Number of protein chains: 2
Amino acid sequence: MPLSANNPDRTSWLHVDKNSDFPIQNIPFGVFLTRDDIITIGTRIGDTAIDLGALHQLGYFDGIALTDDIFLQDSLNDFIADGRKTWRSVRNRIAEIFDAENPILKGNKKHKEIVLFRLDEIEMKLPVDVGDYTDFYSSIEHATNVGSMFRDPENALLPNWLYIPVGYHGRSSSIIPSGIPVHRPQGQTLPGDAKEPVFGPSKLVDFELEMAFITTDANDLGEPIPIEEAEEYIFGLVLLNDWSARDIQKWEYVPLGPFLAKNFASSISPWIITLDALEPYRVDGPKPKKKQLPYLQSKGPKSFDINLEVAIQPQGSKETTVSKSNFKYMYWNMAQQLAHHTVNGCPVNSGDMMGSGTISGPTEDSYGSMLELTWKGEKPLKMADGSERKFINDNDTVIMRGYCKKDGTRIGFGEVSTKLLPVFGKK
Amino acid sequence: MPLSANNPDRTSWLHVDKNSDFPIQNIPFGVFLTRDDIITIGTRIGDTAIDLGALHQLGYFDGIALTDDIFLQDSLNDFIADGRKTWRSVRNRIAEIFDAENPILKGNKKHKEIVLFRLDEIEMKLPVDVGDYTDFYSSIEHATNVGSMFRDPENALLPNWLYIPVGYHGRSSSIIPSGIPVHRPQGQTLPGDAKEPVFGPSKLVDFELEMAFITTDANDLGEPIPIEEAEEYIFGLVLLNDWSARDIQKWEYVPLGPFLAKNFASSISPWIITLDALEPYRVDGPKPKKKQLPYLQSKGPKSFDINLEVAIQPQGSKETTVSKSNFKYMYWNMAQQLAHHTVNGCPVNSGDMMGSGTISGPTEDSYGSMLELTWKGEKPLKMADGSERKFINDNDTVIMRGYCKKDGTRIGFGEVSTKLLPVFGKK
């Protein structure tokens, strides 16, 4: 099926700002509460949110095999489970409905009143009910930085890193959409040269700049997904801030990996940008430094040129950009991650989420965490208001943004913005 | 509310074998397909399965606040979310309905035909839709054995172990009920002194004898559960075989913990035995070897005396019991695990599952894995058919059983039985 929704020459009869992340070539999918407090699946063009549940009831998707209530859901899981052919049909149809040349909905005032919302009339929810959340560790710069800081700069990468897209399981229940604040976690830490741990608020709360992909039903128990097919099971991507408490992590993580240091919150951007919309921004990934086992050998451009930024906004002050990175720096790509994840027969379902791991670039201003940007706090960052940050302070808001740009078209992710509140029960 | 369902003097008008795991004092909860291919929530007395959906439709739960379809579900999640008061009311009512002295259902042939099933007429399903699966590592004997084998017998426990109920996130999607076979997983391993990894079938597939508890909705994001309240949120327990591929684990697990070595399958027994039913079997746990931080200090008997056994049945042969352990050996109890899990504000929901970690006892025949029982394969175990096992062979079935016994009453878990098939696609 052709990706006619990607036609770069198409314009919409809805207003789209020149620098909008959401031109008619994007057509993301999300879930929102409408002004009437109804939950629905929707899309967005410019600053207009579009109720796909209402559009479907009005007959605008006639001819596409969809159940009546496919968009009247509190998650995209069922729609995603319908598969790639259906996603493409729906996305192409939306592009047609809102094409500047198409008068049907444009000329129907009554329908427009039912279907269209200003952004301030809706409340974005989590787009999917995440069944399982996996987080990879696939940036060679990030793994090298962390290895240099905590182990040995000469042998920064562990022996398995160049052979395995290292990953681990995260917690689904604490995945939250942009806008939901997070409390500073408490936990056990081992201070300095103390012999016994203490309990209290984490002193080293950090963000991790990541992207995550959302899958469809991919395989049954026992059945691996070949790398050539892996991308067929990826619906789309979101921005992910994988909140981390570095001091809790340091004390708890041996031998089974990070746990409470990570599972207090993982924030995502609410609009899923489809892999189809990102098609024009494919690029080659980094060249492998070691020969990879056949099940991980991917062919063709499997990386994506997505510009990423992180800003910190202290309470009552302007934001300061602290990092500029790019998704294309990832050493292991999504197809490799998914092939690896299932090579042992682990089942992947609709609505599962897989994080990239912290995305650090090659330069010091492209690192994806405060741990790296301030090098364990040794080099604090200056904020616009004159204050300094080693890690994240109470009442700071961390904002991540991402966008692709090429030949005059921009496809963006909007943002994931999360305020860090003081410890639960404290002011 | 009194636990009248635990009355040890009660007998049922349904036949119960003397050594049954399921006397009228048990009343577990599960999900099954009936002979009419309808999925329902049920319980079991002796070898009779009872359709709670049908019982409810016939009015047997009148007076208890339950929605009409609460038992006509494919998981117990909603019923568990109704909370402890509801579980107790339902369990007490079931005890009354099947009490030997109660003629109402006993004398209604038509109702009995609708409600009662022989075990060979039903197919047990997963009892819950597991949102998040956490696995702890709470047996001091197991952690000491593993530490001795792979690190240093003099410092077998890592520094954090006596302070933290160490845990990590598992994979929900590969949790399967008893009876579903598992393929030997493939993956990367680093053989002997090789410099580069190879790909192929795991050579060291192992079981892990565990128990797991199932929770109800416990807390919102940010809000810790105090240890005194923790047990209020535990619905019940199941047997868990946390399948492990030791050679894959060894190569992949640094620095983020086990991943593909574990997520190919975790098998559970299909009947959830309520914490209420286990009440008579409470015992004190091991005395802490180090002072625990206040949020982990539990009072009163929080351990349970549950006898556990593991047997291996080679294809076409008799089974051989290879381990006899007990849940009471756990160093960290469930209340401590749940308090720790949420102390950072991580939300716990209805249907979440938390594994104990491998349950090893103090003697060599009470270890909970082949890794320990054969000491890395150095001391193979003899099977009844004369063959030997270092780890699990293709077409072996691993069977775990558990039961409590006291003052003439026995409450059991039935079994979790899983056959290990050859690698996917091979015969």
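Student: What are the helix and strand contents of residues 134-401 of chain A, and how far apart are the end C-alpha atoms?
Tutor: In this predicted model, the span 134-401 of chain A is 12% helix and 27% strand. Its end C-alpha atoms lie 21 Å apart.

Student: Which feature does UniProt place there?
Tutor: The UniProt record, an unreviewed entry, gives "domain: Fumarylacetoacetase-like C-terminal" for residues 134-401 of chain A.

Student: And which feature does it place at residues 25-127 of chain A?
Tutor: According to UniProt, again in an unreviewed entry, that is "domain: Fumarylacetoacetase N-terminal". In the model, residues 25-127 of chain A are 35% helix and 19% strand, and the end C-alpha atoms of the span are 20 Å apart.

Student: Let us turn to charges. How many salt bridges does the structure hold?
Tutor: Over all chains there are 49 salt bridges. Side chains of opposite charge can pair when their charged atoms come close.

Student: What does B:E231 pair with?
Tutor: B:E231 forms a salt bridge with B:R282, and the closest N and O atoms are 2.6 Å apart. This pair links distant parts of the chain, as the two residues are 51 residues apart. B:E231 belongs to the loop between strand 13 (209-215) and strand 14 (234-241) of chain B, whereas B:R282 is in strand 18 (residues 282-283).

Student: Are B:E231 and B:R282 buried or exposed?
Tutor: Both B:E231 and B:R282 are buried.

Student: What about R282 in chain A; which residue does A:R282 bridge to?
Tutor: A:R282 has a salt bridge with A:E279, with the closest N and O atoms 2.6 Å apart. A:E279 is partly exposed, because its relative accessible area is 29%.

Student: Which residue does B:D396 meet in a salt bridge?
Tutor: The side chain of B:D396 meets that of B:R389, at 2.6 Å from N to O. B:D396 and B:R389 are both buried.

Student: Which residues of chain A are linked in a network of salt bridges?
Tutor: A network of salt bridges links A:D206, A:E208, A:D242, A:R246 and A:K262.

Student: Now the surface. Which residues form the negative patch?
Tutor: The negative surface patch is formed by A:D68, A:D69, A:D78 and A:D82. A:D82 is in the loop between helix 2 (77-81) and helix 3 (84-97) of chain A.

Student: On to the backbone. Where is the peptide bond in chain A that is cis?
Tutor: The peptide bond from A:V254 to A:P255 is cis, with omega near -5°. A:P255 is in the loop between helix 7 (246-252) and strand 16 (266-268) of chain A.

Student: And what is omega from B:V254 to B:P255?
Tutor: Omega is near -5° there, and the bond is cis. B:P255 lies in the loop between helix 7 (246-252) and strand 16 (266-268) of chain B.

Student: What is phi of A:I27?
Tutor: A:I27 has a positive phi of about 55°, although it is not a glycine. A:I27 is in the segment before strand 1 (30-33) of chain A, and it is buried, with a relative accessible area of 0%.

Student: Is B:D407 buried or exposed?
Tutor: B:D407 is exposed, with a relative accessible area of 74%. Its phi is near 50°, a positive value in a residue other than glycine. B:D407 is in the loop between strand 25 (397-406) and strand 26 (409-421) of chain B.

Notes: Residues numbered from 1 in each chain as written. Chains lettered and ligands numbered in written order. Predicted model: local features only at pLDDT ≥ 70, side-chain atom pairs only at ≥ 80, totals over all residues. Heavy atoms only, no water. Patch = residues over 30% accessible without salt bridge, like charges linked within 9 Å, V, L, I, M, F, W, Y side chains within 5 Å. Areas by Shrake-Rupley, 256 points an atom, 1.4 Å probe, with all protein chains shown as cover. Salt bridge = Lys/Arg side-chain N within 4 Å of Asp/Glu carboxyl O. Lys, Arg positive; Asp, Glu negative; His and termini not counted. Charge placed at Lys NZ, Arg CZ, Asp CG, Glu CD. Helix = DSSP H or I, 4+ residues; strand = E, 2+ residues; numbered from the N terminus. Buried < 20%, exposed > 50% of the residue type's maximum accessible area, 1.4 Å probe, protein only. UniProt positions renumbered as here; feature names shortened; annotations may be inferred.
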